[in-house]
Amino acid sequence: MARLGHQLHSSPVPEGAPNPIEASAWDDLFNPASIGIIGISSKGGPFQVGGRAMLGHLAKHGYGGEVFPISRSQPEIDGYRTYAGLADWPHPPRCLVIAVAADTVLGTIRAALDQGIRAFVLITSGFAETGSAGAALQVAAKSPDSARA
C-alpha cells in the first residue's frame with residue numbers, strides 16, 4: 001500500500017514557517033502501522049456500530065497492521081486479542097479509534113496523548129450538534145493543549 005502522508009500538501013509550507021502537521025502525522029492517520037480501538041461492544045450481530053463496526057471493517061478489508069482493541073469484559077473479540085485499557089498494549093498504536101460517550105472523550109484523548117498517540121478517529125455524538133455545552137466539548141477535543149489541561 002502506498003504511503004499517503006507525504007502527498008497530502010498541495011503546496012509546500014513556506015520556508016521558515018512552522019508546519020502545523022508533519023507528514024508522519026498524516027501517515028499515522030491515513031496509513032497507520034497499528035490501530036487501537038476503544039469502545040467496542042462485546043455483542044455480535046449483523047448490524048454493528050462504533051468500535052465494533054470499525055473492527056469488522058478492518059478485518060473485511062484486509063488491514064495488515066496491528067490491531068489493539070480494548071475490552072474490559074472480553075479477552076477476545078472476533079478473533080482479536082483484547083486489552084483491558086490504554087496502558088495494557090505492548091506498545092501504543094499509531095492511530096486510536098475512539099468510540100465512547102462524549103463525556104469520556106477528553107479523558108481518553110489525554111491518556112492517549114500521554115502515550116504518544118497523535119492520530120485519532122472519533123466515532124461518537126454529543127458535541128456541537130447537541131448545543132453550546134457540546135460545542136465547548138468539541139472545541140476542547142480538537143485542541144491537544146486544552147485536552148491535556
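Which residue is the bridge partner of Ile 98 in β6? In this predicted model, the partner is Leu 122.

## Basis of the description

The model is predicted, so local features need pLDDT of at least 70 and side-chain atom pairs count only at pLDDT 80 or more, while totals for chains, interfaces and linings use all residues. Residues are numbered from 1 along each chain as its sequence is written, and side-chain values use heavy atoms, with hydrogens and water left out.

Helices (H or I, at least four residues) and strands (E, at least two) are DSSP runs, numbered from the N terminus.

## Parallel strands around β1 and β5

Strand β1 covers residues 34–38. Two strands count as paired if DSSP finds at least two bridges between them. By that criterion, β1 pairs in the parallel sense with strand β2 (residues 66–70) over five bridges, and with β5 in the parallel sense over four bridges. Ile 35 stands opposite Val 67 in β2 and opposite Cys 95 in β5. Ile 37 has Val 97 of β5 as its bridge partner.

Strand β5 (residues 95–98) is also joined to strand β6 (residues 119–122) by four bridges, and these two strands run parallel. Together with helix α3 (residues 102–114), β5 and β6 make a right-handed β-α-β unit; right-handed means that, with the strands pointing away from the viewer, the path from the first strand over the helix to the second runs clockwise.

## Burial of the strands

Buried here means under 20% relative accessible area, exposed over 50%, and partly exposed in between (1.4 Å probe, protein chains only). Five of the five residues of β1 are buried, so this strand is largely enclosed by the rest of the structure. Ser 34, Gly 36 and Ile 38 lie on one side of β1, and Ile 35 and Ile 37 on the other; both faces are covered.

In β5, Cys 95 and Val 97 point one way, whereas Leu 96 and Ile 98 point the other way, and all are buried.

Side chains of opposite charge can pair when their charged atoms come close. With a salt bridge taken as a side-chain nitrogen of Lys or Arg within 4 Å of a carboxyl oxygen of Asp or Glu, a search of the whole structure finds three. In one of them, Asp 28 contacts Arg 94, with the closest N and O atoms 2.9 Å apart. This pair links distant parts of the chain, as Asp 28 is in helix α1 (residues 23–30) and Arg 94 in the loop between β4 and β5, 66 residues apart. Asp 28 is buried, at 5% relative accessibility, whereas Arg 94 is partly exposed, at 36%.

Asp 28 also forms a salt bridge with Arg 118 (3.4 Å, N to O). Because Asp 28 lies in helix α1 and Arg 118 in the loop between α3 and β6, the pair ties together parts that are 90 residues apart in sequence. Arg 118 is partly exposed, with a relative accessible area of 44%.

## Asp 78 and Arg 52

Another salt bridge joins Asp 78 to Arg 52, the closest N and O atoms being 2.8 Å apart. Asp 78 is in the loop between β3 and β4 and Arg 52 is in helix α2 (residues 50–60), 26 residues apart. Asp 78 is partly exposed at 49% relative accessibility, whereas Arg 52 is buried at 7%. Although not a glycine, Asp 78 has a positive phi of about 50°.
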